[in-house]
Every structure is written in C-alpha cells, then in structure tokens.
Amino acid sequence: MSPKTFLAFIGPSIVMMVLFIALPLASVLKQSFYVTQPVYEILEVETCTPNFTGQVCVVDIKTIPIIGEDGIMKTKTSFVGFLNYQNVLEFPRVITAFANNSWQQFMAIDFWKALRFTLSFTLITLPLVLFFGLVIALCINNVAKSIRGPVIFISLLPMIITPVIGALAIRWLFIGDGILTAFLEWWLVRDIAMFGQAWTIELMMMFYRVWHVAPFAGIVFYAALQTVNQDTVESAIIDGASRWQKLRYVILPHLMPLIVFVTLIHLMDSYRVFEEVVGFSSQAHVISLQWLTYDFLMLDQTGNRSISRASASAMLTMIGIILLLIPVLRGVWIDYKGKRL
Amino acid sequence: MTIKKIATTIAISLISSSIWAGCAFENNTELKSLTAGFDAWKAVTNSMAECGNVTSTLDQDFKDKQPDAFAANPSLYQIGGVSNGTMVPLLNAGTIRPLDDLVSKYGGHLKPSQLIKVNGKIMAIAMMVNNQHFMYREDVLSEFRIAVPTTYDEVLAAAATIAKYDVVDYPLGGTYKAGWNLGEEFINMYLGNGGSFFGEGNSPSINNATGIASLETMKDLTAYMDPEYLVSDSTYVQQQFQQGKVAMANLWASRAGAMDNAEESQVVGKVIMSSAPTGSARASSTNWWDGIVLATNMTDEQADAAFQVVMEGLDTEMVQANNDAAVWLIDGYVAGAAAAGAIATADNGAAPYPSSSPGMGAMHTALGNGIAAFLTGDKDAATALADIEAAYTIAATESGLM
C-alpha cells in the first residue's frame, strides 16, 4: 500500500480521535489544574416561606453569587497547581494512617478505598472471565453443528443486555426477599441479607461482571478455535496426547494473542467499573474510582459541583489504567520483536 | 436513584391533545414542565394537561437536570417544580423569573402563604408542605399495649418489645439509603437535638456532643431495621409498610396516602400518623414546601400562558379530587387523617429545612456519603463527624464559600 492510500484510509479516524479523544483529554488535564468559583457577595436577604400555619419571613445574612449583566453568574478561574490532586489523594491523612499503622484509617479515605475495590475487582474478575470464556468457547465448539447457532445465541445473551439493566436484574433477584434470597434462606434455614454487608455486595458485583463479560471472551476464543491447525491436533493425537495435553500444548498457545487481547480489553473496562456501584447502590459499602469522579460531578443541593476535583480524579483513573496495561503491553512488544528477529 | 428513575421515566406523560375539559381557557402555546414524580405532582401535571399543549416530565432526579435545563436560552422547560432546597440553585443562577405581575393579573385567589418571596419579589408559588413524621401500625402497638412513642427512647423501647414477638419482619423501617436520604435523616435528628450546622463564615460545626448523640441514636435504631437499611429509600420503606413487614417508621407525609391505597396496601386502615419523635429541642424532622417556578429564558407571552396553566393545575378542583395526596396549601383542602402526623410534627416545632444556608448543599452531600461508615462500624462517631467536616471543608473551599 502506498503511503498516500494508507493516509487516506487512516486520516479520518485520526481526525476523529484528535477531535473526540485527545482534545477533551487535554481540556480535562488543564481543568484539573484550575479552580472555577462563582464571585460571591454577602447580602441581607428576606425570605418568606409557608409553614403549616401561615407564612414565616426571616432575614438572613447570605453568601450569594453575583449575576452579571448578561444574566449569567460571574465566575473567576484561578491556577492552583496540584491542589486538586492533593484534595483527591489526601496525602496528609495517608501519612497519619501509616504512622498509626492503621489499615482502617487508610480505607476511610475515599480515593484509596475506591482504589482498593477497583483493583481487587479488576484483578479477581480477570482470570475468571478468561477461564469461563474458554469454557464457553470449548462447549460451543463441541456441541453438534445443528444446535450450535441457538447455543451461541443463548450464551451471548448476558452480553447483549445493557449493563445497568443487567445489574438491576441481579439486584432484584437478591434484594430484600428477592427470589434467590428467599431460596437461599429456605435452603440454609437462616436469615440472609445480601445487601447488608460489604463482602456479599462485592461478591454479587463480581459475579455480575463475570456473567456479563465471559460471553464476549467466549465468542472471541470460539472464533480463534476455528483456525486451530487440524494437522497439529491430529499429530498430537497420534503422538498419544491426552485431551488436557492437547489443550495445554496445542490450543492454548494458538489462542495466546487473543487471550492477551481479551486481557487488555477487560483491564481497561473493569478499571472503569461504575454500573455495578449504581445498579447495586453499593456506595455505602464499596465505591469505585469512576463512581468517585461521578460523585464529584453531581450537583449538590445548592447547585455546586466539584468539576476540578472530578477532572483530577479522571486523570488519576487514566494514569491507573496505563500503569495496569504496561506489563501486558510490554509482554506483547517483546513477543513482537522476538518474532521479527 | 435507579428504581425511582425507571418508574418515573415510564411515568413520563406526553399529553398534547386539544382536550381542555376542566380548564377555563384553551392554551395554544407549547409548554413543557419538569417536576418531581410523587403523587402530588402527578395530580398537578394531569390537571395542567387539561388545558392542552402541555408536556410534563415527572422525574425524581429532576434536581440534577433543572439547573442546566433552565440555564439554556431559550429554557428547555418553561415550568419547573421545586422544593425549598431545589429552588436555591435556580435562584442563585437567576434562571427563574419574578412573578409579581402575573400574580396580580391572574393569581388574585392565591393565599398569601402560597407566595414565596425573596427580597420582596414573588419567586415561586407554593402548593404543598411536606415533612417526615412517625407512622405506626395501630394494631401491633395496641396488641402489645405500647403507648404511641413520642421520643426516640420510647421508639427504641417499643421496637425492643415488638422484636420479641413474631408479628412483623422488622419493628422499624427507615429511609437510610446512603446519599441524600441518609444525610436527611441526620439533619432531622441533629436539628431535633437543637444542633446548628455552621459556625462563622460557612465553617462546619457538627463534630460536637449533639452530633455524636444524633449518630448514636441513628445507630441504635438501625439495630431494629432490615439489615439492608443502607439501600432503603422512601419507596422501599413505603412498600415494607404496605406489605406488613415493618411496624413503625419515620416517613414523608407525601407517602401517607399510599398506606390506605387498597390496590397496593395490605394494611389499609391500620397505619396511623403521628408527630415525629422529639429530640432534646424539638420534633426531629424538617419542614419542606413544594411549588412551581417559571423560567427566565422565555418570552413574556409564553410566561403569560405558562402562569395561567399553572393556576389551572393548582386549582381547588384538583385539590378536591386529590385531597389525600399531600398537605395542600391551596383553597379547598380539608386536612384528613393522612395529614395528622405532618401537622402534629409542625406543632411540635419542627424546623424548616435549612436550605437558606449557602453551604447546606455541600454539607448534605458530605453527610450522605460519610455517615454510612459509622453505621457499618468502620469508624467511631467522632471520627466520622471529623471526616465529614473535612470533606465539607474541601468542597466548600473549592466552590469558594470558605
């Protein structure tokens, strides 16, 4: 392919990526070093409101934002350096926690609490997704051709369902006296509250994620299984390889690039875990980094939102994903270089 | 958020027919409204729709949409439903208009108490008042000869008695869902004990004996609740009541009518409303009002039509048809049994929700996020309150209040 044709093909997507990925990222990065505040004035305000018996008027001294002549709130933006990052990371409290040798105090800080959950969620679900993905792929590959279509369709269903809806469906199975909780209570003859403590909620969130993502891994692996070299498989059988040896020494090496691919995708996706926190309303017990960003962004009752801290937290999430991906990408790179030599 | 959201998104009603039965004039201007989704708003928006060309969105998460939607020019909605808390961001941003002219033109019949005035200008028309008050299963309490509790110590004693017998799943229900609901529960309790949230210059002042006592009471109460209390919101507690699973709870007055709704309740006639238990200073509850505002960013003709539609929505006919849906401020309302608790709570001195404090939004958020760690036993009360103050301070400093 001539460089010109190559550019013509790739040009539009580069423009799109700059426009919709690079520029927004740059603006978030800039935002994370600035703070924008309304300009306030302190005024005496009389407010009259109803109560149950009549009307009450009170005069208060209030801090009120000034509205400019164009009808828009006046704001001022100032450069604050790494202040927003400090406010998210809260290092002084981290140091105190370490000085006291207290894990509990460390986990009381929102960012680190969220990081703990996000990391354990990502790293625990990853091997499960790969394992169940492989199991699904092997199952599909081994069923009779005539029913393979319907089996693929059914195994893909969890992936098709919108994440929030799927999380809500699982929530309804377990919350209060939901069907499955009622069944577990009947089976174990004891009172069970799945939403009463952190570890059961975490378990449900991980179960949900594996249920949701394993079909994707399954379908990718299934596609790769179609291209396994049948001659190699046959010679392995002639050499007396067992089923397990066939899988271990012929099929898995063939699937390796795709296992790396699924790992990359899953690391990126599950580090941004969010739907589960909302779907299971787990914020009392566990929060994730993405939820923390969302919480900063939400308006509070007086209409303020912490955009600067949200930007800082978003940047930190991105840095976290990059750090997680480095070992995997490094492996791919070494592999690639080895093949070229 | 999610359950309510789904229910209310489904409940979004799109009515733009030319039916104007029950409406004194025919509305020819396209109007849109954004309000909360509980029963009272269903009644009001249905009544407004009778004038024709009104599209109503009922959404329990309206407060997240309203500030931005009203800041657009022209505004995305002409009519907004607010409460004393949610009016503040609109007022601060100048996106709602003064209504004095319109009131003198079309609103002669409004009661003076319905006119919300800020610095002498009418900024909203109130339609109802609301607070959280005590509801109890009359049959359960009389079976065990328990007097109606009036303080939290009595509530705890009653709960301990009921817990000994197998009549209900849990003696108490509570809207303790982490986030806004949990923050509101603490605010009720803390104000009931006579606390105040702010010191000089919007600085926080909750880490004190009153704050600790309020938290301890909350924790004592949770021992008698469904262990999943940190995910129960108003709708969940209402359903627990309706299904006979709880015997007592502090719940919004706007939910009282649902107890006697034979279509969904198994305890019709058995739930009685009384005052919120009192703390050391006053009833542990806050008074709210709900009402209607009009956007700044629309033409005067639109505003004229919108105000007339609102007047139709808030008329006596609507109140008479939906008397028990709320404690209405509108002429024609007859306070029934469902309102007894709300009124008794107000009589016991419940404070208005302190929405006029500029830091209250950040404080409510910090409380809602921070209290759960104490209830689950991760932190002691003083640490939890100190952490909440720290979270508030960061947020208030970032928004320039401190």
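Hi everyone, let me start where the two chains meet strand to strand: strand S2 of chain A, residues 40–50, is joined by two bridges to strand S4 of chain B, residues 115–118, and the two run antiparallel. If you want one pair to look for on screen, take Thr47(A), whose bridge partner in S4(B) is Val118(B). Please keep in mind as we go that this is a predicted model.

Now for the contact between the chains as a whole. Chain A puts in 47 residues, and chain B puts in 55 residues. Which element gives the most to the side of chain B that touches chain A? That would be helix H14 of chain B, residues 360–370, with five residues. Sorted by class, this side of chain B has 26 nonpolar residues, 21 polar ones and eight charged ones.

Next, let's go inside chain A and look at a pair of helices. Helix H6 of chain A covers residues 145–160, and helix H9 of chain A covers residues 198–225; their axes come within 7 Å and cross at roughly 130°. H6(A) and H9(A) are therefore oblique to each other. As for handedness, H6(A) passes H9(A) in a left-handed crossing. On the H6(A) side, the contact is made by Ser155(A), Leu156(A), Pro158(A) and Met159(A). H9(A) answers with Trp211(A), His212(A), Pro215(A), Phe216(A), Gly218(A) and Ile219(A). Seven residues of this contact are nonpolar, three are polar and none is charged.

Chain B has a helix pair for us too. Here we have helix H9 of chain B, residues 209–222, and helix H16 of chain B, residues 381–398, with axes that come within 9 Å and cross at roughly 115°. What is the hand of the crossing of H9(B) and H16(B), left or right? This one is right-handed. From H9(B), the residues in the contact are Gly211(B), Ile212(B), Leu215(B) and Glu216(B). They meet Ala381(B), Ala382(B), Ala384(B) and Leu385(B) of H16(B). By class, that contact comes to six nonpolar residues, one polar and one charged.

Last, a word on confidence, for those of you thinking about using these coordinates. Chain A has a mean pLDDT of 90, with 99% of its residues at 70 or more. Where in chain A is confidence lowest, and where is it highest? The lowest is in strand S3 of chain A, residues 55–65, at a mean of 83, while the highest is in helix H5 of chain A, residues 110–142, at 95.

Note on methods. Residues numbered from 1 in each chain as written. Chains lettered and ligands numbered in written order. Predicted model: local features only at pLDDT ≥ 70, side-chain atom pairs only at ≥ 80, totals over all residues. Contact = placed C-beta atoms within 7 Å. Helix = DSSP H or I, 4+ residues; strand = E, 2+ residues; numbered from the N terminus. Nonpolar A, V, L, I, M, F, W, Y, C, P; charged D, E, K, R; others polar. Pairing = 2+ DSSP bridges. Axes fitted to C-alpha atoms, helices over the stretch in contact; angles between N-to-C directions. Parallel < 35°, antiparallel > 145°, perpendicular 65-115°, else oblique. Left-handed = near helix turned anticlockwise from the far one by under 90°. pLDDT = per-residue confidence, 0-100.
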